[in-house]
Structures are given as structure tokens and as C-alpha cells.
Amino acid sequence: ATLSTFGCGGSDDTSGPGSGASCSLEAACGGDITGNWKIVDFCPDTSAVPEAITQICETAKLEYDEPSSSGTIAYKADKTYPQTASATGTGYLVLDQACLKQGTVTLTCKQIEEAINDKSKSKVACSAAGSGCRCGLSINQKADDDGTYAVAGQNLSVTSKAGGKSDNPVCVKSDKAFITVTLSPDADTAYTFKGQLQLQKQ
């Protein structure tokens, strides 16, 4: 499946301890995506906490450890594309003490882990972190496919031959391009990693 499956807006600084490499998200600006591109980085959106998680804890935060993407994508003049790409890293949900309190009961990190895994069909592992919990999930996603694409305004629409479709805000600046994406460990999980692929024109 294509890695390009998410839209986000605005520019947000994601630097800071535990958030992965310092980077910022580019606002969608459109542009001509035609050409051969190399994926050079993935910039995570630490503000994009999955809805399945905010239903458990409204104040949950995201941190990332060494998120990265690599590969190539060729957006051809005939509006077809082939891509070979991969993404790896670890995302962490950080829950404060208030999230552990349910009325007069204080949940353990193990109970939080079970609740998240049940809610999002994920396989996170939670451990104590200060007065709260820190729950991590690794991602190792590969995409080796082809299909068709179209750019309308600031949006890149992609349809893979396998049948997957996605609409993604895009910004092309000279020899650099930024495409918003969602990365997930598998098709059945609601736990997703959101951010931008950063591409360099070849």
C-alpha cells in the first residue's frame, strides 16, 4: 500500500526530548510533483494523537524515537507512479496521572495497556513513567507498488493498483517535496503515526 495516506495542516515544530529528530511540518502549498524523488526523512506530527487513544485519555501526548523513511517514488508525466519505500521507528503514548484515575479507582499501566490494545487493536507495551504511563509501539512498514496519481490545488490523490486510495496535502518547493502521510503497523490498528515524508528530487 502507498505510504501517502494522510492530510495535516499548518506548520508545527516537533523538536524536543523524545520526539525524534528536530523538524517542522510544511504547510500544504501544491506544486508540480512530476519527477523522480528520493525519500530522505519522515517528520512526525506529535500533535496527532489517534482518536481511539483520546477516547481513553484526552490529555495523552505523543513522542517518537528515531522515526525514519527511505525509498524512491517516481511521479511520471503520464500520471502513473512506481514506489519502493519503507518506514521505521517507535511511537510512544504518554499518559499523565489524571488519565489513570477512573472515579475512585487508579488504573495500573498494565490495565491502560489492555484498554488501548482493545480499543485500537494494537499491541502496545506500557510501563510506569513518573506518575503516569508510557506506551510504545514499533512500526516497520514497507510499500512496493505502483498506480496513478493526480494533483489538484494543494492535494495529491493516489490510487494504487492494489485498490488503495489516499488524498494527501502536498508542498513542492524547488527540488524538495513534502507529503503528509499516515503510517500504521498493520491494516487493523487504529494506532497510527502521522507526519510528513520529506523528498529530494533526483
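Y75 and Y149 are both buried (buried is under 20% relative accessible area, exposed over 50%, partly exposed in between, with a 1.4 Å probe and protein chains only). The model is predicted, so local features need pLDDT of at least 70 and side-chain atom pairs count only at pLDDT 80 or more, while totals for chains, interfaces and linings use all residues. Residues are numbered from 1 along each chain as its sequence is written, and side-chain values use heavy atoms, with hydrogens and water left out.

**Aromatic pairs**

- The whole structure holds 2 aromatic pairs (rings of Phe, Tyr and Trp, the last by its six-membered ring, pair if their centres lie within 6.5 Å; planes under 30 degrees apart are stacked, over 60 edge-to-face, the rest tilted).
- Y75 and Y81 make a tilted pair, with 6.3 Å between centres and 40° between planes.
- Y75 is buried at 3% relative accessible area, and Y81 is buried at 2%.
- Y75 and Y149 pair edge-to-face, at 5.0 Å centre to centre and 70° between planes.

- R134 and E63 form a salt bridge through their side chains, at 3.0 Å from N to O (a side-chain nitrogen of Lys or Arg within 4 Å of a carboxyl oxygen of Asp or Glu).
- R134 belongs to strand 7 (residues 132–152) and E63 to strand 2 (residues 61–75), so the pair ties together parts 71 residues apart in sequence.
- Both partners are partly exposed: R134 at 26% and E63 at 22%.
- R134 also lies over the face of Y92, 3.7 Å from the ring centre (a charge sits over a ring if NZ of Lys or CZ of Arg is within 6 Å of the ring centre and within 35 degrees of the ring normal).

**Other salt bridges**

- The search of the whole structure finds 5 salt bridges.
- One of them joins E113 to K110, with the closest N and O atoms 3.2 Å apart.
- E113 and K110 share helix 3 (residues 109–120) and stand 3 residues apart, about one turn of the helix.
- E113 is buried at 12% relative accessible area, whereas K110 is partly exposed at 48%.
- D175 bridges to K176, with the closest N and O atoms 3.7 Å apart.
- D175 is partly exposed at 31%, and K176 is partly exposed at 37%.

Technical notes: Helix = DSSP H or I, 4+ residues; strand = E, 2+ residues; numbered from the N terminus.
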